[in-house]
Amino acid sequence: MENKDQVKGRFNFIDVLIILMVLALIAVVVYMTVSDKESAEKSEKTITYTVKLSGINKDYLSLITTGSEVTDSSTGKPIGTISDVRSEKAKYVGSKVVVDSLGKYSVTYSEYDNLYDVYVTLYVTGSVDSRGIAYAADNKILVGSRIYFRCGTFAGTSFCTAFNIE
């Protein structure tokens, strides 16, 4: 007959897993604390970057002009000054694949009459952290990052297509 009052005194597999998870959680907290201090060390540099505004109506093109101040439309903080504006007709890419006489494949596309893709080049004195990531008004300047764009009375969502840190 076994004594039910006797306490088990050895580790099992579940106990080891729980201890490992607690240690992993402590390691993550320590790592995040150290990496935040490293990213806090920032230096000021001139950042030049290009954003793409897609599908802009022809009537609004005149609102985006060289020399204008651009702000983040969600926070109101300045994100740069426009140094160049380039626009091209927006394209509609079809869903059909066309095969020519040489056997080459291509996709049909057409251009909109009154919609434009606008490429705006901005420059700003922003901060660059120790990892080399540039920031303009708390926005990370990376290819593909979303930038909330406001220039005067025009506001839209844009995406970074290129950048240069000087």
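Rings of Phe, Tyr and Trp, the last represented by its six-membered ring, are taken as a pair if their centres lie within 6.5 Å, and in this predicted model the count by that rule comes to three aromatic pairs. One of them joins Tyr-60 and Phe-154, whose rings are 6.3 Å apart centre to centre with 45° between the planes, an arrangement classed as tilted. Because Tyr-60 lies in the loop between β1 (42–57) and β2 (69–72) while Phe-154 belongs to strand β8 (residues 154–165), this pair ties together parts that are 94 residues apart in sequence. Tyr-60 is partly exposed, at 42% relative accessibility, whereas Phe-154 is buried, with a relative accessible area of 7%.

Another pair is formed by Tyr-92 and Tyr-112, and since the planes of these rings stand at 75°, with the centres 6.5 Å apart, the pair is edge-to-face. Tyr-92 is in strand β3 (residues 78–99) and Tyr-112 in strand β4 (residues 105–129), so the contact links parts that are 20 residues apart in sequence. Tyr-92 is partly exposed, with a relative accessible area of 46%, and Tyr-112 is likewise partly exposed, at 33%.

Phe-13 contributes to a nonpolar surface patch of about 1100 Å², whose other members include Ile-14, Leu-17, Val-22, Ile-26 and Val-34.

Definitions and conventions. Residues numbered from 1 in each chain as written. Predicted model: local features only at pLDDT ≥ 70, side-chain atom pairs only at ≥ 80, totals over all residues. Heavy atoms only, no water. Patch = residues over 30% accessible without salt bridge, like charges linked within 9 Å, V, L, I, M, F, W, Y side chains within 5 Å. Areas by Shrake-Rupley, 256 points an atom, 1.4 Å probe, with all protein chains shown as cover. Salt bridge = Lys/Arg side-chain N within 4 Å of Asp/Glu carboxyl O. Phe/Tyr/Trp six-rings, centres within 6.5 Å; stacked < 30°, edge-to-face > 60°. Helix = DSSP H or I, 4+ residues; strand = E, 2+ residues; numbered from the N terminus. Buried < 20%, exposed > 50% of the residue type's maximum accessible area, 1.4 Å probe, protein only.
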